[in-house]
Amino acid sequence: MDVILRKWKLDTGSSVPPYEQVRLRILDLAASGALAVGAQLPPVRSLATSLGVAANTVARSYRELEQAGIVATAGRSGTAIASGGDVIGAQAAEAAETYAAVVRDLGIPGPKALAIVRAALERGAAR
C-alpha cells in the first residue's frame, strides 16, 4: 500500500489544494478496493516527505478522512482504512489478519501463503 501512495505525485499546477489532492487520492484508492479495509497508511511525516509537502498537509487529509469514517487512527498503531459500514469487508479483513498471524507463526513465506489462499478460493469457486 505504501508504494501506491509514495509513487503518486501531487499536481503542483492544480487549483485543488494539496491536502485535498491527498484526501481524494486515498478516497479513490479505498473506493476502488486498491486499499482494502485494514490497509495501513504511511505515517504522516513519511508520506509528507515523499510528496514534498508539510506534515500538516497530510495530517489534515487524514483528519478529514477520519471524520468521514474512511480511515481510523489508533495512536501509535497508525492510520488504516476503516470498514466504513462494510461489515463483510471488515469480517474479511479480520479473517485475513488471523490467517496472516498463523502463516507468520508457521514461518510460511508470503508468496506461498498467498498461493494457498488462491487455491482455496479456486476450490470454492469450483463447487
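**View 1. The end of helix α4 and the glycine that comes after it.** Helix α4 gives way to G69, a residue whose phi is positive, near 80°. The model is a predicted one, in which local features need pLDDT of at least 70 and side-chain atom pairs count only at pLDDT 80 or more, while totals for chains, interfaces and linings use all residues. Residues are numbered from 1 along each chain as its sequence is written, and side-chain values use heavy atoms, with hydrogens and water left out. Helix α4 has 13 residues and reaches 18 Å from its first C-alpha to its last, close to the 18 Å expected at 1.5 Å a residue, where the expected span is 1.5 Å times one less than the number of residues.

View 2. The buried residues of α4 are T57, V58, S61, Y62 and L65; because they cover an arc of only 130° around the axis, they fall on the same side of α4. Here buried means under 20% relative accessible area, exposed over 50%, and partly exposed in between, computed with a 1.4 Å probe on protein chains only, and the arc is taken from the directions that run from the helix axis to the C-beta atoms. Elements that cover the buried residues of α4 include α2, α3, β1 (71-73) and β2 (79-81), whereas N56 and Q67 are exposed on the other side of the helix.

**View 3. R23 and its surroundings.** R23 belongs to helix α2, residues 18-32, and counts as buried because its relative accessibility is 18%. When neighbours within four places in sequence are left aside, R23 is in contact (heavy atoms within 4.5 Å) with S61, E64 and L65.

View 4. E20 pairs with R23, their closest N and O atoms being 2.7 Å apart; both residues lie in helix α2, three residues apart, about one turn of the helix, and both are buried. R23 also forms a salt bridge with E64, with 3.9 Å between the closest N and O atoms. This second pair links distant parts of the chain, 41 residues apart, since E64 lies in helix α4 (residues 55-67) and R23 in helix α2. E64 is partly exposed because its relative accessible area is 25%. Within α4, the side chains of R60 and E64 meet at 3.1 Å, N to O, and these two residues stand four places apart, about one turn of the helix. R60 counts as partly exposed at 35% relative accessibility. Together, E20, R23, R60 and E64 are linked in a network of salt bridges.

**View 5. Helix α3 and the residue that follows.** In helix α3 (residues 44-51), the buried residues are L47, A48 and L51; because they cover an arc of only 100° around the axis, they sit on the same side of α3. The face turned away from that buried side carries the exposed residues R45 and T49. G52, with a positive phi near 75°, follows α3.

Note on methods:
Salt bridge = Lys/Arg side-chain N within 4 Å of Asp/Glu carboxyl O.
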